[in-house]
Amino acid sequence: MSGPQPLPRVSAIPPYVPGKPPVARAGLTTYKLSSNENPYPPLPGVIEAAHAAVAEMNRYPDMGSAALYAELAARLGCPEEELAVATGSVALIFHLLTAFCSEGDEVVHAWRSFEAYPIAVAASGATGVPVPVTTGADGGRHDLDAMAAAVTDRTKVVLLCTPNNPTGPALTHTDVERFLAQVPPHVLVVVDEAYREFVRMADPVDGAALRRRHENVVLFRTFSKAYGLAGLRVGYAVAAPSVVAAVRAVSTPFGVSSIAQAAAIASLRAEDELLERVATLVAERDRMLAGIRAAGWTVPEAQGNFVWFDLGETTGPFTAAAGDAGLSVRPFAGEGVRVTVAEPAATDRLVELLARVSLR
Ligand SMILES: *Cc1c(COP(=O)(O)O)cnc(C)c1O
């Protein structure tokens with residue numbers, strides 16, 4: 001071994017497993033239910049804005065994303081110094097951990113939760129402290145008492161994912177306030193709100209209120225899910241100015257493309273129409289849950305645009321059976337399967353599959 005060698009911690013980074021596209025089946029329409037994407041195509045106005053930006057792709061984007069910051073600040077009613085845009089909220093996780101963590105520091109997060117967390121933690125050199133989500137009929141929830149107990153002198157960041165990807169339940173505002181009261185103020189508490197627009201529950205997390213009350217709260221939001229811009233890579237953080245400055249300092253210069261900036265602004269301006277689509281997806285989620293339960297299956301509360309099947313050892317066979325039915329789902333080997341809420345015909349296909357397989 002005489003060639004260049006990466007850091008040992010880099011070689012140990014777990015791979016990110018992306019959701020697969022469906023395999024074509026003769027005579028069968030197939031559906032991609034493996035990446036929590038929005039099934040709707042972009043709105044015409046958003047495509048037009050992106051096209052206009054494409055015509056100027058010989059130029060660098062506005063490095064300061066000024067127009068996008070102005071649009072976000074006006075909408076959220078906060079100063080631009082409290083906002084950091086980046087190439088998706090996955091990038092924000094990396095930026096935040098790069099800015100705040102190094103070897104010996106600890107990052108507490110629920111597990112199973114978002115797959116990118118352990119990758120970003122390992123890349124920063126910090127040590128991940130995964131705290132198991134609850135199990136049983138009402139499972140898949142953050143165990144906030146155990147997470148608070150896992151905070152030590154070395155903890156720099158806690159990552160809360162609500163609704164939790166891939167298991168589905170969301171935290172209440174009261175849950176998060178109680179948690180924050182148990183965590184020292186120098187520990188950053190990230191509230192990853194990637195699916196906030198899909199939440200329909202009593203006492204939902206009010207991120208803006210948390211941010212106003214706690215200097216250590218960081219909100220992560222994305223245009224990838226409810227706004228349907230997954231392919232363009234844009235998200236933002238809301239945090240105290242000092243935290244935002246640190247995140248911006250380590251961000252890749254010119255990261256957010258001019259096309260992404262334009263599409264994000266156009267999406268914010270078309271928010272009403274986009275949120276109507278979200279409401280349709282939420283109704284579809286409820287229809288899917290009713291179908292799942294009518295077929296005799298038990299799944300955790302689903303507050304995002306996806307449903308979790310806690311399948312354990314039958315994860316592989318279930319994934320294969322779904323594939324045969326033209327549905328690409330997201331398996332987590334030995335643990336379970338996450339299925340995205342998408343087209344009604346895909347829901348029907350899933351429910352039909354559930355009625356005929358017995359893999360529990
Ligand atoms: C999809 C997702 C994101 C958003 O990722 P982007 O990089 O913005 O596309 C962030 N957090 C969670 C939990 C997600 O599921």
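Figure 1. Between domain 1 and domain 2, about 2,000 Å² of area is buried, with carbon and sulfur atoms giving 57% of that. On the domain 1 side, L274, E301 and Q303 lose the most area to domain 2, and together they make up 30% of what that side buries. The model shown here, and in every view below, is predicted. In contact across the boundary are 23 residues of domain 1 and 23 residues of domain 2.

Figure 2. Let's step back for a moment to see how the chain is divided. The domain assignment builds domain 1 from two segments, 18-36 and 272-356, while domain 2 spans 44-269. Taken over C-alpha atoms, the centres of domain 1 and domain 2 are 25 Å apart.

**Figure 3. Polar and charged links across the boundary.** Here we look at the pairings between the domains. Domain 1 and domain 2 share 3 salt bridges, and 8 residue pairs are in polar contact between them, both residues being at pLDDT 80 or more. The elements giving two or more residues to the side of domain 1 that touches domain 2 are α11 (271-294), β9 (306-309) and β11 (330-332). Of these, α11 gives the most, with 7 residues. By residue class, this side of domain 1 divides into 12 nonpolar, 6 polar and 5 charged.

**Figure 4. R112, its salt bridge and its cis bond.** R112 is worth a close look on two counts. Its salt-bridge partner is E335, and the closest N and O atoms of the pair are 2.9 Å apart. The peptide bond leading from W111 into R112 is cis, with omega near 5°. R112 sits in the loop between β3 (106-111) and α5 (116-124).

**Figure 5. A cis bond at P166.** N165 and P166 are joined by a cis peptide bond, whose omega is about 15°. You will find P166 in the loop that runs between β5 (155-161) and α7 (173-182).

**Figure 6. The backbone at N36.** N36 is a residue other than glycine with a positive phi, near 55°. The loop between β1 (31-32) and α2 (44-54) holds N36.

**Figure 7. The annotated region.** In the unreviewed UniProt entry, the annotation "domain: Aminotransferase class I/classII large" covers residues 32-341.

Key
Residues numbered from 1 in each chain as written. Predicted model: local features only at pLDDT ≥ 70, side-chain atom pairs only at ≥ 80, totals over all residues. Heavy atoms only, no water. Domains from an automatic or database assignment. Contact = heavy atoms within 4.5 Å. Buried area = accessible area lost by both parts, 1.4 Å probe. Salt bridge = Lys/Arg side-chain N within 4 Å of Asp/Glu carboxyl O. Polar contact = N/O pair within 3.5 Å; in protein donor to acceptor, adjacent residues only side chain to side chain. Helix = DSSP H or I, 4+ residues; strand = E, 2+ residues; numbered from the N terminus. Nonpolar A, V, L, I, M, F, W, Y, C, P; charged D, E, K, R; others polar. UniProt positions renumbered as here; feature names shortened; annotations may be inferred.
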